Amino acid sequence: MAPLRVLQCVAGLAHGGYESLLMNLYRQVDRDVLQFDFLSSFPGVYESEIEGMGGVIHRIPFITQKGPFVYTRELNKVLAAAPQYPIVHSHMDKFSGLVMRQAKRAGIPVRIAHSHNTQNEGGLAFQVVKDHYGKMVLPNATHLFACSQAAADWMFGPKAPEAHILLNGIDPERFAVSEAVRADARAQFGFAESTLVFGHVGRFTAQKNHDRILDIFAQIHRQRPDSALLLAGTGPLLAETRQKAARLGLEKAVHFLGSREDIPRLLQGMDGFLFPSLHEGLPVTLIEAQAAGLPVTAASTITGEVCVTPLVRLLDLAQPDEAWAEAALAAAQENRAHRTSPLDQIAAAGYDIRRTAAWLTEFYLGLARP
């Protein structure tokens, strides 16, 4: 019997929170039973892996590239093609409303809208457009998913209690503490054992607040001149962030790593994780950091559901940079002496991707069975 094929609708396939979740799931499911295909507009590092696992990528221009009419026309072609997908699962937050409406018109029986955030991104005009499409979600989706209760509340309003909370799981074993991996990761950058290394993984967008990360690290670096900062990711604010690092005189201390495939290894080489995001759904990077035994200094704007170990300390964004630096330094120095991976706590909190993949497989199959 041919596997059930589910169309996963995304904006792009670069490194990111929901992209990481999807790929973690895709690697774990039995692909003889279940296959993921993707509708995507922006290229990314996962494309070759997807195609190597048997997935099909339908590439169409995004709304911001050629406008909603072209996007809708190309989307309709994918939705109408035979054999038609029985399940469409959209991860585009409020833009999912457009996907849900067109999938309903195409006669696709199962239409899942998945919320991965708690706030719109972009300027005022872009937010107005997203809110317009957001109104189409509830009338057209058959099932609602969210990464956290806050994400469900934001996108689904009165229907939030009906949403399935699908935790952003990881493969905990990939992040287990290893002194050999740590030494290798640090050797790549020429760090001495005494060097305190802080890091962040995320796209260079306003939401992730890299501007504040640099301000906090500048305070850390004043106290510990042998400290370093690793920034993994790409995005529209990358060049601006590089320029600020130069203005602060931190060119040699801040390492811009681009999009990376070796995040578990990089986390091993760090001593602390900085995360002053303005808003989040449920950041999988913080689950990964905790699995790697890293102390995390994060903004209190993120959902408490991500704090599954004592490694996370939440600070108000209104606190001064000096307070953030002091907290991050103290946690990093204390943790160095007894760093362990709290893998049992990660799994017990529901973040083991193997359990999530098994649940989702049964959910999909149950919907697709006659």
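Predicted model: local features only at pLDDT ≥ 70, side-chain atom pairs only at ≥ 80, totals over all residues.
Within helix 4, the buried residues are Val70, Tyr71, Thr72, Glu74, Leu75, Val78 and Leu79. An α-helix has 3.6 residues a turn, so residues three or four places apart point the same way. What do the buried residues of helix 4 pack against? Their partners are strand 1 (4-9), strand 2 (34-40), strand 3 (57-59), helix 3 (63-66), strand 4 (87-90) and helix 5 (96-105).

An open sheet of seven strands runs in the order 3-2-1-4-5-6-7, and its pairing is parallel. Strand 3 and strand 7 are at the edges with a single partner strand each, so one side of each has no neighbour in the sheet. Strand 1 is mostly covered, with five of its six residues buried. Six bridges link strand 1 with strand 2 in the parallel sense, and four bridges join strand 1 to strand 4, also in parallel. Gln8 shows both pairings: its bridge partner in strand 2 is Phe38, while in strand 4 it stands opposite His89.

Further along the sheet, strand 5 (residues 110-115) and strand 6 (residues 143-146) run parallel and are joined by four bridges. Here Ile112 has His143 of strand 6 as its bridge partner, and Ala113 stands opposite Leu144. Helix 8 packs on the sheet, where it touches strand 5, strand 6 and strand 7, and its direction makes about 115° with that of strand 5. Strand 6 also pairs with strand 7 (residues 164-165), in the parallel sense and over two bridges. In this pairing Ala146 stands opposite Ile165. To get from strand 6 to strand 7, the chain passes through helix 8 (residues 149-156), and this β-α-β crossover is right-handed.

Now for the interior. In soluble globular proteins, nonpolar side chains tend to be buried together. Which residues touch the most other members of the largest nonpolar core? In this core of 97 residues they are Phe36, Tyr71, Val88, Phe156, Phe273 and Tyr364. Tyr71 is also among the buried residues of helix 4. Phe36 touches Val6, Gln8, Leu22, Leu25, Tyr26, Gly55, Val56, Leu360 and Tyr364, when residues up to four places away in sequence are not counted.

Strand 8 (residues 197-201) and strand 9 (residues 228-232) run parallel, joined by five bridges, and Val197 stands opposite Ala228 in strand 9.

Ser20 is part of helix 1 (residues 17-28). Is Ser20 buried or exposed? Its relative accessibility is 15%, so Ser20 counts as buried. Setting aside neighbours within four places in sequence, Ser20 is in contact with Tyr46 and Val284.

The last stops concern the backbone. Most residues other than glycine have a negative phi, and most peptide bonds are trans. The peptide bond from Ala82 to Pro83, however, is cis, with omega near -5°. Pro83 sits in the loop between helix 4 and strand 4. Asp93 has a positive phi, near 50°, although it is not a glycine. Asp93 is found in the loop between strand 4 and helix 5, and it counts as buried because its relative accessibility is 10%. Asn209 likewise is a residue other than glycine with a positive phi, near 65°. The loop that holds Asn209 lies between strand 8 and helix 10 (210-223), and with a relative accessible area of 14%, Asn209 is buried.

Note on methods. Residues numbered from 1 in each chain as written. Heavy atoms only, no water. Buried < 20%, exposed > 50% of the residue type's maximum accessible area, 1.4 Å probe, protein only. Contact = heavy atoms within 4.5 Å. Core = buried A, V, L, I, M, F, W, Y, C linked by side-chain atoms within 4.5 Å. Pairing = 2+ DSSP bridges. Right-handed = clockwise from strand over helix to strand, strands pointing away. Axes fitted to C-alpha atoms, helices over the stretch in contact; angles between N-to-C directions.
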